[in-house]
Amino acid sequence: MAIPWIVGGIIAAGVAAIVASDDSSSSSSSSARDLERERVRARLDNERKKEAAVKLAKDQRIASENKAKAQRFITKHKLTITPEELLRANKQDNQLSLQAMNNYNNKASVRGRNREIELLEQELEGLDIVEKELLRTL
Amino acid sequence: MDINALLHFLPQEEQNLNRLAFIKNNSSKPRIAVFGKYNHGKSTLLNALIGEEFFKAADKRETVENRELEQEKVIWIDTPGLDADVNRQDDAKAIKGAFEVADYLFLVHQAQAGELDKYELDVFLKLARQDKNYSQKMFLIITQVDQKSPDDVAIVERKIREQLMQFIDLQQLEVIKVSAQRYLRGIQENKSIFCERSNINEIFSLTGKLVEQIDAAREKELKRLKSQILLELRSKTKWTAAELMSQRAKAMKEKAELQRDINTLSQALL
């Protein structure tokens with residue numbers, strides 16, 4: 001009677017071993033997938049970071065170029081506005097033109113010339129009046 | 001006619017404008033100013049001409065203002081003697097004043113002084129050059145000829161004429177030689193021979209001619225001054241209009257360039 005028990009035991013052990021062997025293989029496969037997922041995630045993360053860094057660098061370059069262009073414009077026309085103000089104004093409809101024109105019209109030299117034009121106009125009017133008066137008495 | 005308004009636009013024409021205003025606002029009697037260095041007999045000559053001791057003869061310059069005496073047909077002006085001060089500011093004022101208030105100038109020079117000195121010539125030239133017709137209104141009177149022999153007076157006159165010939169503006173200047181003292185003595189002593197020999201009659205005759213001519217002369221001068229001022233006014237108007245156009249063009253060009261650059265900048269900004 002001992003043999004059947006032994007055989008039974010062996011069979012049971014074999015089944016258990018088979019079962020145990022199946023469990024071990026499944027666990028190993030899941031870990032590999034996790035690792036793969038982790039790798040993919042890390043790669044994507046890195047790519048995103050790289051893209052973000054590239055975008056940041058590009059944005060910075062564009063901002064710097066825009067600032068340089070605005071500064072060149074300001075320098076050329078001897079304006080007192082800052083490049084930042086101009087760039088902010090550019091993001092609103094017609095505000096760039098409006099702000100730049102306002103700043104230009106407020107320049108001392110432009111105000112001075114406008115005043116001079118005004119005086120010359122008045123002088124011409126006055127000259128016309130005295131000439132007519134002189135001709136009337138001639 | 002608003003002289004102040006004209007002066008505002010033509011400050012360089014101050015003298016002509018003052019003269020214009022003066023002619024318009026004053027009687028038509030000729031105004032004759034006696035002009036010359038101090039102590040050359042201006043006041044004595046004037047007193048002889050008016051027949052009374054109205055103008056004071058002094059050894060030193062006592063005033064920088066003109067003195068006037070209005071007679072029936074003439075207004076006489078005694079001017080301060082020239083070259084009396086180290087600072088000749090007053091002479092400049094006297095020259096300017098003479099032009100503005102006098103229709104005619106009797107330039108007085110005493111015979112004993114010999115030929116005209118440099119200062120006298122300068123002043124006479126300045127006066128003659130104030131107006132191209134002005135030399136016709138100036139007369140050179142050599143005074144105190146009784147203080148020198150006729151021959152010496154003739155030499156002085158010849159030398160003076162030679163001096164005047166050197167300057168185109170003075171070449172036509174009429175020269176009359178007189179002795180006011182001799183005339184006054186003639187009057188005082190009732191001796192007509194002194195009066196005749198004083199040659200003052202020549203000035204009386206000249207004055208009579210000037211009285212007759214004054215209306216026409218002033219009318220002519222008025223027209224000439226107005227034309228000159230009108231010319232200056234038009235020149236000023238032309239200049240002002242050109243300047244205005246230039247300033248407007250500059251402003252427009254600058255603004256157009258700014259607008260163009262704004263558009264370029266707007267398109268260039270990323």
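Of the 138 residues of chain A, 8% count as buried, a residue being buried if 20 or more other C-beta atoms, placed from the backbone, lie within 10 Å of its own. The model is predicted, so that local features need pLDDT of at least 70 and side-chain atom pairs count only at pLDDT 80 or more, while totals for chains, interfaces and linings use all residues. Residues are numbered from 1 along each chain as its sequence is written, with chains lettered from A and ligands numbered from 1 in the order in which they are written.

Q: Which element supplies the largest share of the side of chain B that touches chain A?
A: The contact (C-beta atoms, placed from the backbone, within 7 Å) takes 29 residues from chain A and 26 residues from chain B. On the side of chain B, helix H1 (3-9) and helix H9 (200-268) each supply at least two residues, helices being DSSP runs of H or I of at least four residues, numbered from the N terminus. The largest share, 19 residues, comes from H9(B).

Q: What is the distance between the end C-alpha atoms of helix H5 of chain B?
A: Helix H5 (residues 118-129) of chain B has 12 residues, and the expected span is 1.5 Å times one less than the number of residues.

Methods:
Two residues are in contact if their C-beta atoms, placed from the backbone, lie within 7 Å. A residue is buried if 20 or more other C-beta atoms lie within 10 Å of its own, exposed if 12 or fewer, and partly exposed in between; C-beta atoms are placed from the backbone.
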